[in-house]
Each structure stands twice: as structure tokens, then as C-alpha cells.
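Open the structure in your viewer and keep the selection tool at hand. The tour goes from one selection to the next.

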Amino acid sequence: MRVTAMLGLGDWRTFVEDAKAVEGAGFDSIGTVELGHDPFMPLALSALATRRIALTTSIAVAFPRSPTVIAHIAFDLQKESGGRFHLRNQLGRSGELFIRGRRRRPCACIRQHQTGEQHSAIDGGGHLAKS
């Protein structure tokens, strides 16, 4: 069984000490949720303060962010944490978004962006079209 401790939201000054305490207490991971605050900043601060514990977004809402922005944030957190970051997005029922009248699949876009696949556009089915 794995146990996750949820970081409180709001005061950035407490994240480092809270993360150290959670890791010291033997928890498996630290989680954040997007409830009126950015879910990534506490994890970035926690990544610098810890060595072992996994860092995860319990919910990071995908629709207000570009898939490229999410991919960049996830890549940076994964790199700076030594591979301890786990991204969990909230996409809605179908896992699709409509952006500028076109259907998008954010997870596919993020995955393809992070693997370095070159693309020129997202086709009507929400998939990246290779260039």
C-alpha cells in the first residue's frame, strides 16, 4: 500500500518544511490539487527539498492550459526531481477539449510533445499531424 500526503495550499513558505517532514515520516508521495491555487509550484519547491518521495498532482485541470505548457512544466518537474514527478490531469468525461472550435486530446499532445515528435498541426480528430 502506498500513502500520499496532500500539501496544504496557499503559503509557499511552508512547502519546503512540510515536504521534508512528510518524507521523513515515511510517506510514499506528496500530492497537490488545483483548488484555487497552482498545483505545480508546491511540487517544484518540494522537489528541491526532498530526495526520495514521489511528487504528484492529484488534479491538475487541463482545459485552461495549453498542452505544450503542461508538457514543459511536467518535463521540468520530472527532470529537476530526478524522475519522481507524476502528472494527473482532469480532462472531463471524454478526455477531449474543444479549443477554437476544434477537438483536442491534451494527453496525446503532451505525450507527443515530450517524446519529441515533430508536428505541424492538430488534425480534426484531435491528433497531432506530423510535418
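Start at Gly26, which comes after helix α1 and has a positive phi, near 95 degrees. This is a predicted model: local features need pLDDT of at least 70, side-chain atom pairs count only at pLDDT 80 or more, and totals for chains, interfaces and linings use all residues. Residues are numbered from 1 along each chain as its sequence is written, and side-chain values use heavy atoms, with hydrogens and water left out.

Next, select α1, residues 15–24. Helices (H or I, at least four residues) and strands (E, at least two) are DSSP runs, numbered from the N terminus. Phe15, Ala19, Val22 and Glu23 are buried here; buried means under 20% relative accessible area, exposed over 50%, and partly exposed in between (1.4 Å probe, protein chains only). These four lie on the same side of α1 because they cover an arc of only 95 degrees around the axis, taken from the directions from the helix axis to the C-beta atoms. On the face turned away from that buried side, find the exposed residues Glu17 and Gly24.

Now show what covers the buried residues of α1: β1 (4–6), β2 (29–33) and α2 (41–49) are included.

In strand β2, pick Thr32. Thr32 is buried, at 0% relative accessible area. Its side chain reaches the backbone oxygen of Pro39 at 2.7 Å. Beyond neighbours within four places in sequence, Thr32 has contacts (heavy atoms within 4.5 Å) that include Met6, Pro42 and Ile59.

Finish at Met6 in strand β1, which is partly exposed at 45% relative accessibility.

Methods:
Polar contact = N/O pair within 3.5 Å; in protein donor to acceptor, adjacent residues only side chain to side chain.
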